[in-house]
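I opened a new notebook page for this model.

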Amino acid sequence: KEIDTQLVSIAKVTDYTTQEMKALASSAIEVGKQYGRSAIEYLSAVTEFARAGFGKEAEQLGKISILLQNVGDVSAQTANEMLLAVNAAYELGGSQEKLIEIVDMLNNVANKNPTTISKMAEAISSAASVFYQSGLSINEFVALVGTATSATQRSGSEVARGLRTVLMNIMGVTD
C-alpha cells in the first residue's frame, strides 16, 4: 500500500507510462536491497526529485540520495535538501556524476576530520547559492565548510551564517 502511495505521487508529477511505473516499482525493491534500504525510502527520494521537476532523472537522483543517507548517516530530508540546493546553486542540471563527486568529497572530508556530513550538508543547503554567486567552486566551499565545522564544532547552519557574513563583507569591501 505504501509503495502504491509513492507510485501515485510520482505518477502525478511525471509523464511515466503504465509500463514505466511497473518497472519503477520492480526496480525500487532491487535498489532498496542494493543500498540496504526499503523500497519506500527509495521511492520517497524519487518522489522528491520528481516534484522538483527532474522527471526520469529522479530515479538516479533517488539512488544518490540513498547513497548520501548511507555514507553520511543523514536523514532523507537532509540528503534531498542538500542535493537539491547544491544542484540549483551550482547549476549542475541534475548531473549525477557531479553530485556523486560532491557526496564523495563530503565523505572524504568527514572521514579525515572531526566533522560530519550532516553538518556540512546543512551548511551547503543554507549558503550554497551565495558562495556560487561569489565565484567559489563547490570544492572550495566544501573545504571551507569542512574546516569551519571541524574547527568550531558548531552546527552547519551556524557555520553557514558566519561564512556567508564574512563573504558578504569581503564582497562589500571589494565592490
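The entries below go through helices, a cavity, backbone angles and a few single residues.

**Entry 1: ground rules.** I am working with a predicted model, where local features need pLDDT of at least 70, side-chain atom pairs count only at pLDDT 80 or more, and totals for chains, interfaces and linings use all residues. Residues are numbered from 1 along each chain as its sequence is written, and side-chain values use heavy atoms, with hydrogens and water left out.

**Entry 2: helix H1.** I take helices as DSSP runs (H or I, at least four residues; strands are E, at least two), numbered from the N terminus. H1 has twelve residues and reaches 18 Å from its first C-alpha to its last. That is close to the 16 Å expected at 1.5 Å a residue. The expected span is 1.5 Å times one less than the number of residues. Next I asked which residues of H1 are buried. They are Gln 6, Leu 7, Ser 9 and Ile 10. Buried here means under 20% relative accessible area, exposed over 50%, and partly exposed in between (1.4 Å probe, protein chains only). The arc is that of the directions from the helix axis to the C-beta atoms. They pack against H2 and H3, with contact meaning heavy atoms within 4.5 Å.

**Entry 3: helix H3.** I checked the length of H3, residues 39-51. Its 13 residues should span 18 Å at 1.5 Å a residue, and the end C-alpha atoms are 18 Å apart, which agrees. The buried residues of H3 are Ala 39, Tyr 42, Leu 43, Ala 45, Val 46, Thr 47, Phe 49 and Ala 50. What covers them? The cover includes H1 (2-13), H2 (18-35), H4 (58-72) and H5 (76-89). Just after H3, Gly 53 takes a positive phi of about 95°.

**Entry 4: Gly 55.** I followed the chain into the loop between H3 and H4, where Gly 55 is found. Leaving aside neighbours within four places in sequence, Gly 55 is in contact with Thr 14, Tyr 16 and Ala 50. Gly 55 and Ile 10 are 45 residues apart in sequence and 8.9 Å apart in space, C-alpha to C-alpha. Ile 10 is one of the buried residues of H1.

**Entry 5: helix H6.** H6 covers residues 96-112. At 1.5 Å a residue, its 17 residues should span 24 Å, and the end C-alpha atoms are 24 Å apart, which agrees. Its buried residues are Leu 99, Ile 102, Val 103, Met 105, Leu 106, Val 109 and Ala 110. They cover an arc of only 155° around the axis, which puts them on the same side of H6. I noted the general rule: an α-helix has 3.6 residues a turn, so residues three or four places apart point the same way. The buried residues of H6 pack against H4, H5, H7 (117-133) and H8 (138-152). The face turned away from the buried side carries the exposed residues Glu 97, Asn 111 and Lys 112.

**Entry 6: the cavity.** How many cavities of 30 Å³ or more does the structure hold? It holds one. A cavity is a set of points, on a 1 Å grid over the protein atoms alone, where a 1.4 Å probe fits but cannot get out; lining residues have an atom within 4 Å of a point. About 30 Å³ of space lies in the largest cavity, where grid points are joined across faces, edges and corners and a volume is the space filled by probe spheres set on the points. Its lining is Phe 49, Phe 54, Leu 61, Leu 83, Leu 84, Asn 87, Gly 94 and Leu 99. H5 gives the largest share of that lining, three residues. The lining divides into six nonpolar, two polar and no charged residues. Ala, Val, Leu, Ile, Met, Phe, Trp, Tyr, Cys and Pro count as nonpolar, Asp, Glu, Lys and Arg as charged, and the others, Gly among them, as polar.

**Entry 7: positive phi.** Most residues other than glycine have a negative phi. Asp 73 has a positive phi of about 50° although it is not a glycine. Asp 73 lies in the loop between H4 and H5 and counts as exposed at 70% relative accessibility. Phi of Gln 153 is also positive, near 60°. Gln 153 lies in the loop between H8 and H9 (156-174) and is partly exposed at 44%.

**Entry 8: Gln 69.** Not counting residues up to four places away in sequence, Gln 69 touches Arg 37, Val 74, Ser 75, Ala 76 and Ala 79.

How values were computed. 1 Å grid on protein atoms, 1.4 Å probe; cavity = no way out; pocket = protein on both sides within 12 Å on 5 of 7 lines; lining within 4 Å.
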